[in-house]
Amino acid sequence: MADSAAPLTPDLSQESERDLMVRAAWLYYVCANNQESTARLLGLTRARVNRLLAGARDSGLVSISIEHSLTAMLEIERTLSTVYGLDFCLATPPLGRMNRLADTAEGRRAQAALARRAVAVAGARFLASRLGGDKPVTVGVGWGRTLEQLTMHLSGVADPRARFVALMGSLTRNSASNPFEVVHTLAARTGGQGFFLPVPFIADSEADREVLAAQRTVREVMDVAAEADFLLVSLGELTRSSFLHDQGLISADDLADLRTAGAVGDSIGLFFDAAGRIVDHPVARRTLAVDLAVLRDRPLVLLAAGVEKEAATLALLEGGIVDALIVDGDLATRLTTRLHDSARDARRRRAG
């Protein structure tokens with residue numbers, strides 16, 4: 001490789017002003033170079049590139065518009081925030097029907113994985129925005145595949161004063177998605193502290209649950225969770241493919257009993273019916289997790305990914321414990337469609 005003090009640049013001395021505008025606009029807008037890099041690649045000064053870009057916009061050569069699907073998502077965010085009294089709703093761009101496998105089991109799994117990744121990236125950006133400030137932050141975190149993904153996408157944030165605390169028992173069968181790993185990874189990536197409950201998520205019996213909950217180390221972590229500045233949780237649907245059932249934490253019989261009792265979703269050891277009411281069940285009485293009072297008292301950010309979570313997400317929203325929602329675009333679209341359908345049906349009933 002030749003040794004050169006300056007990068008090679010094209011000879012553009014014979015180019016027309018409009019052609020230079022096209023080259024500069026392409027490198028800046030399409031190739032995502034900054035003005036300094038664009039100037040270097042073209043062998044021009046940064047001031048010249050600035051004038052070329054301004055000329056490209058003024059002449060109409062470059063047209064900047066707001067993409068329609070994104071504006072639709074902004075309206076969906078506004079609707080969900082208004083209806084459910086949320087501090088904010090952030091919807092990722094919709095994936096739609098990504099490929100010809102969309103109606104197959106394989107396609108649905110791939111779609112769900114993409115939705116989790118999109119929500120995880122958005123959740124990581126939200127979390128990063130709350131860290132590194134003037135005041136130390138304590139974050140309560142749940143578990144699951146979406147939160148596992150979030151930890152992978154959180155980077156470039158150093159906050160030694162941050163505290164991450166598990167909201168539920170950390171001993172589960174899956175090492176990657178369990179609360180201990182989520183808390184440990186968040187603490188490692190930020191240089192902060194991690195607190196976890198050194199007990200199972202679901203005890204063998206209610207009596208065992210009482211003994212474990214009375215342990216001093218458990219009470220101390222619960223106290224930290226009760227002081228969290230905000231909570232980051234995901235949710236599950238109560239189907240054969242649910243995370244709880246898939247991890248062997250609840251049996252097929254338990255799942256059937258919960259469904260019979262009206263439960264449609266779960267989060268942090270609580271089960272909800274379609275109206276957002278808590279469903280009492282022996283499994284719930286064996287879980288080691290923060291009390292419902294903590295979930296109602298602390299700001300709760302729900303991460304909802306995948307259209308299969310529609311019923312579970314609606315249940316949590318109806319329950320009134322969610323303060324903010326980060327949701328994938330396809331699920332958000334379904335939620336608002338259901339709201340519009342319900343409003344239409346109500347109008348028809350009144351008219352009839």
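A residue counts as buried here when its relative accessible area is under 20%, and in this predicted model buried residues make up 45% of the 352 residues in the chain.

Figure 1. The chain holds 14 helices and 10 strands. Take contacts between residues at least 6 apart in sequence: 72% of them join residues at least 24 apart.

**Figure 2. Helix H1 and its cover.** Helix H1 spans residues 17-30, which makes 14 residues. From its first C-alpha to its last it reaches 19 Å, close to the 20 Å expected at 1.5 Å a residue. Its buried residues are Leu20, Met21, Ala24, Ala25 and Leu27. An α-helix has 3.6 residues a turn, so residues three or four places apart point the same way. Helix H2 (35-42) and helix H3 (46-58) are among what covers the buried residues of H1. After H1 comes Ala32, where phi is positive, near 65°.

**Figure 3. A closer look at Gln35.** Gln35 is part of helix H2. With a relative accessible area of 18%, Gln35 is under the 20% limit and therefore counts as buried. Setting aside residues up to four places away in sequence, Gln35 touches Tyr28, Arg46, Val49, Asn50 and Leu53.

**Figure 4. Phe164 in strand S3.** Strand S3 covers residues 163-171 and includes Phe164. The relative accessible area of Phe164 is 0%, so this residue is buried. Its contacts, not counting residues up to four places away in sequence, are Leu127, Leu131, Val139, Val183, Leu186, Ala187, Thr190, Gln193, Gly194 and Phe195.

Figure 5. The largest nonpolar core has 62 residues, and Leu80, Phe271 and Leu325 have the most contacts inside it. Helix H13 (residues 310-319) gives the most to this core, contributing five residues. Another core lies apart from it, with 29 residues that include Ala115, Leu154, Val183 and Phe230.

**Figure 6. The surroundings of Phe271.** Which residues are in contact with Phe271, leaving aside its neighbours within four places in sequence? They are Leu238, Leu244, Leu258, Ala263, Gly265, Asp266, Arg277, Ile278, Val279, Val283 and Ala284.

**Figure 7. The largest pocket.** This pocket has a volume of about 480 Å³. Its lining is made of 24 residues, and Arg145, Glu237, Ser241, Glu308 and Lys309 lie nearest its centre. Sorted by class, the lining has seven nonpolar, eight polar and nine charged residues. At least two lining residues each come from helix H5 (105-130), helix H6 (145-153), strand S6 (236-237), helix H10 (243-246) and strand S7 (263-267). H5 supplies the largest share, five residues.

**Figure 8. The largest cavity.** How many cavities of 30 Å³ or more does a search of the whole structure find? The search finds one. About 30 Å³ of space lies in the largest cavity. Its lining consists of Val233, Ser267, Phe272, Leu295, Leu300, Leu316, Ile321 and Val322. By class, seven of these residues are nonpolar, one is polar and none is charged.

Definitions and conventions
Residues numbered from 1 in each chain as written. Predicted model: local features only at pLDDT ≥ 70, side-chain atom pairs only at ≥ 80, totals over all residues. Heavy atoms only, no water. Core = buried A, V, L, I, M, F, W, Y, C linked by side-chain atoms within 4.5 Å. Buried < 20%, exposed > 50% of the residue type's maximum accessible area, 1.4 Å probe, protein only. Helix = DSSP H or I, 4+ residues; strand = E, 2+ residues; numbered from the N terminus. Contact = heavy atoms within 4.5 Å. 1 Å grid on protein atoms, 1.4 Å probe; cavity = no way out; pocket = protein on both sides within 12 Å on 5 of 7 lines; lining within 4 Å. Points joined across faces, edges and corners; volume = space filled by probe spheres on them. Nonpolar A, V, L, I, M, F, W, Y, C, P; charged D, E, K, R; others polar. Expected span 1.5 Å × (residues − 1).
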